[in-house]
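Here are my notes on one helix pair and on the salt bridges. Please read them beside the model.

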Amino acid sequence: MIRRIVRLTFRMHRFEVGAIVILAALLILGSIIVSWALANVGLSPECQRLAETGELPDSCVVAFETFNKIASLASPISLLTTLFPIIAGLLIGGPIMAREIEHGTTSLAWSLSPSRLRWFLHRVVPMVVLLLGVSFAVGAAADHLTHALNPQADLSASFIGFRFRGVLLATQAFLLASTAVAVGALFGRAVPTFLLSLILGMLTIVAVGLIHRQLLLAEVAIQRQVGDNFFISNADLYIDSRFELPDGRLMTAEEVFIFDPQAFEGEFGQKYPNVSLIIPGERYRVVEAREAAIEVVIGLVVLAGGALVVTRRRPT
């Protein structure tokens with residue numbers, strides 16, 4: 001029974017399924033090939049260490065030049081990987097409800113089906129499961145490519161490529177697909193569904209990132225200037241900057257101006273040192289998991305809203 005439902009659903013959406021699977025396969029294959037080529041350049045840890053001093057032997061110079069040439073091939077792959085959640089989410093989620101309602105096939109289906117909710121689940125679940133599986137694979141390939149481009153980094157403790165690799169690619173695709181399903185159920189027209197889902201989905205993803213960033217303010221570490229150097233590691237996630245008062249309080253520029261109007265008018269520049277608020281790279285997995293969980297919960301709520309619309313919608 002389940003196998004027949006899955007086969008029927010994929011057959012109904014064979015163009016969308018085929019397009020997403022082919023795109024994912026190309027991205028995964030491209031990531032593997034470029035990663036393999038980068039790993040075989042022969043860029044040794046010693047060359048990477050000497051690069052920090054600026055004194056490179058000829059062998060290291062050649063290795064870096066070759067590495068950079070191959071790395072340039074990763075740019076289109078990385079760009080398409082970044083866009084993959086949008087493409088996949090809209091292609092998978094958009095037609096599920098909107099196309100059937102627009103073509104009028106729901107009238108017969110709903111009259112024959114003992115439960116509209118069951119009909120909804122039969123249409124949505126196989127496509128969402130496929131989307132999650134393919135997106136996880138693309139996210140894993142993006143992880144692999146990011147590591148090849150940054151061989152010295154421990155990606156399990158680094159925010160390099162944050163939100164554009166790993167599990168967040170899959171949860172973003174799920175959120176966009178859920179939005180498209182709900183919008184399609186509400187409007188029942190393909191073109192408005194794609195356009196509105198793109199706008200609402202992207203706004204939701206951006207809002208999740210901004211809200212999560214505000215929540216992270218309660219968990220930041222302070223990065224202070226050491227001597228003349230003010231270096232923030234690529235592994236850390238920069239959140240914001242503040243001015244540090246002698247008593248340890250942190251204030252924004254506006255707050256400092258109210259507290260001490262003369263703070264920026266001294267002969268030797270600003271009166272209080274500027275510090276950066278960061279999330280250390282060691283917290284990457286926790287931050288990633290929390291943001292992914294937020295996106296999944298929102299996606300499930302939106303899907304539930306789509307199911308509610310289907311159960312109450314009048315046949316067309």
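1. Buried means under 20% relative accessible area, exposed over 50%, and partly exposed in between (1.4 Å probe, protein chains only). By that scale E219 is partly exposed, at 27% relative accessible area.

2. The model is predicted: local features need pLDDT of at least 70, side-chain atom pairs count only at pLDDT 80 or more, and totals for chains, interfaces and linings use all residues. Residues are numbered from 1 along each chain as its sequence is written, and side-chain values use heavy atoms, with hydrogens and water left out.

3. The structure holds nine salt bridges. The term means a side-chain nitrogen of Lys or Arg within 4 Å of a carboxyl oxygen of Asp or Glu.

4. E219 forms a salt bridge with R283, with the closest N and O atoms 2.8 Å apart. R283 sits in the loop between β4 (274-279) and α11 (284-312), and E219 in the loop between α9 (190-216) and β1 (221-223), 64 residues apart. Helices (H or I, at least four residues) and strands (E, at least two) are DSSP runs, numbered from the N terminus. R283 is partly exposed, at 28%.

5. E219 also forms a salt bridge with R290, the closest N and O atoms being 3.0 Å apart. R290 lies in helix α11, so this pair ties together parts that are 71 residues apart in sequence. R290 is partly exposed, at 27% relative accessibility.

6. R249 and D247 meet in another salt bridge (2.7 Å, N to O). R249 is partly exposed, at 39% relative accessibility.
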